[in-house]
Amino acid sequence: MTEKIDNLIEELKKKFEDIKTLQELNDLKVSYQGKKGIITELNSGIKDVPNDEKKEYGAEVNRLRTFFNDNFSSTQKRLEDERVREKLEKETIDISLPSKRIKTGSKHPFNRIIEEVEDLFVSMGYDVIDGPELEDDEHCFRLLNYTVGHPARDAQDTFYIDEEYLLRTQTSAAQSRVMEENKEKTPIRVICPGKTYRRDDDATHSHQFGQVEGLVIDKNISLADLKGTLEIFAKKLLGEDTNVRFRPSYFPFTSPSCEVDVSCFKCGGKGCSLCKKTGWIELLGAGMVHPNVLRMGGYDPDKFTGFAFGTGLDRLAMFKYAIPDIRYMYTNDIRFLKQFDRKDDEYEIKY
Ligand code: PHE
């Protein structure tokens with residue numbers, strides 16, 4: 001009997017070693033311990049063994065069973081370990097592989113310019129204010145000293161909603177609103193960036209465009225303050241070597257009025273196609289707040305003076321980033337927008 005069990009153990013040892021899957025292991029269990037399994041049959045064979053041999057027989061069958069059970073557990077563990085190892089190997093991350101580029105959006109040139117202008121004026125003590133795009137004739141024109149029948153009110157230029165309401169043609173409407181709200185409180189030092197609308201449409205004019213308005217009112221504000229402020233603005237925005245010139249002009253709500261030109265950033269002032277051979281490019285309109293406007297806004301022009309300026313944000317962005325057509329600003333062409341994914345000082349502007 002001992003020999004028989006020894007042989008069975010020897011055979012079983014090989015079988016365990018050859019097992020590759022849990023399925024094979026289970027099949028082996030069935031063939032040894034199942035209903036008709038080898039161990040099960042040896043066990044039931046005890047009834048045919050003479051009584052004095054029963055004890056030894058039982059012990060030998062037990063030896064086989066213990067061997068089977070021990071090897072079953074260790075083989076099961078071996079297979080499970082192998083499975084985990086395989087899985088880990090398959091799932092290892094190769095940290096030396098280049099990562100995927102995360103695509104991010106970019107800031108629209110219009111917003112970049114607004115932020116830059118806001119930062120600059122906030123650093124000089126200005127507040128940033130907002131005004132309605134749907135304005136009334138009173139704030140957009142009447143309180144700004146536009147006489148009845150003034151050409152700027154022409155329906156050729158203005159989108160009228162009805163007799164009284166219109167889409168603001170200029171952020172200057174914010175001037176009359178700020179004065180109305182502050183009623184002789186000074187100092188007023190505000191800028192108002194926002195959308196404006198006119199019935200225009202070509203490469204340099206859009207029916208919707210952006211402007212930023214500036215207004216300062218206090219005692220003893222002079223033309224020198226206006227000139228100093230706008231010189232700083234032009235140089236900070238377009239470069240310290242920018243030359244600035246003031247040209248007399250006319251606006252109903254300022255007196256005296258001027259237009260501010262900057263030396264052409266393409267040719268440096270020599271004259272080229274961008275500046276139409278003049279060496280200068282018009283940047284903005286400005287002037288001292290007209291006494292009538294102060295009075296209508298609730299400020300006594302004998303006590304207070306002020307200056308105002310206004311410029312097109314699209315124009316500024318087009319200058320700064322050499323954008324040839326204003327319509328690019330509004331058509332959401334991804335090829336255009338993608339070009340604004342860098343920091344400001346990483347641009348080399350080429351005209
Ligand atoms: N609102 C004027 C325009 O649209 C610009 C301007 C603003 C001029 C403030 C003077 C003062 O042309």
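The protein chain holds 11 helices and nine strands, counted as DSSP runs numbered from the N terminus (helices H or I, at least four residues; strands E, at least two). This is a predicted model, in which local features need pLDDT of at least 70 and side-chain atom pairs count only at pLDDT 80 or more, while totals for chains, interfaces and linings use all residues. Residues are numbered from 1 along each chain as its sequence is written, and side-chain values use heavy atoms, with hydrogens and water left out.

**Overall dimensions**

- The radius of gyration of the protein chain is 44 Å, whereas a compact globule of 351 residues would have one near 20 Å (taken over C-alpha atoms; the globule rule is 2.2 Å times the number of residues to the power 0.38).
- The C-alpha trace spans about 135 × 45 × 40 Å along its principal axes.

**Domains**

- Domain 1 covers 2–90 and domain 2 covers 109–340, with bounds from an automatic or database domain assignment.
- The centres of the two domains, taken over C-alpha atoms, are separated by 94 Å.

**Packing of α1 and α2**

- Helix α1 (residues 2–18) packs with helix α2 (residues 22–33) at an angle of about 155°, and their axes lie 10 Å apart (lines fitted to C-alpha atoms over the stretch in contact; angles run from 0 to 180 degrees between N-to-C directions).
- α1 and α2 are therefore roughly antiparallel (angles over 145 degrees).
- On the α1 side, Glu11, Leu12, Lys15, Phe16 and Asp18 meet Glu24, Leu25, Leu28 and Tyr32 of α2, contact meaning heavy atoms within 4.5 Å.
- That contact has five nonpolar, no polar and four charged residues (nonpolar: Ala, Val, Leu, Ile, Met, Phe, Trp, Tyr, Cys and Pro; charged: Asp, Glu, Lys and Arg; polar: the others, Gly among them).

Note on methods: Angles under 35 degrees count as roughly parallel, over 145 as roughly antiparallel, 65 to 115 as roughly perpendicular and the rest as oblique.
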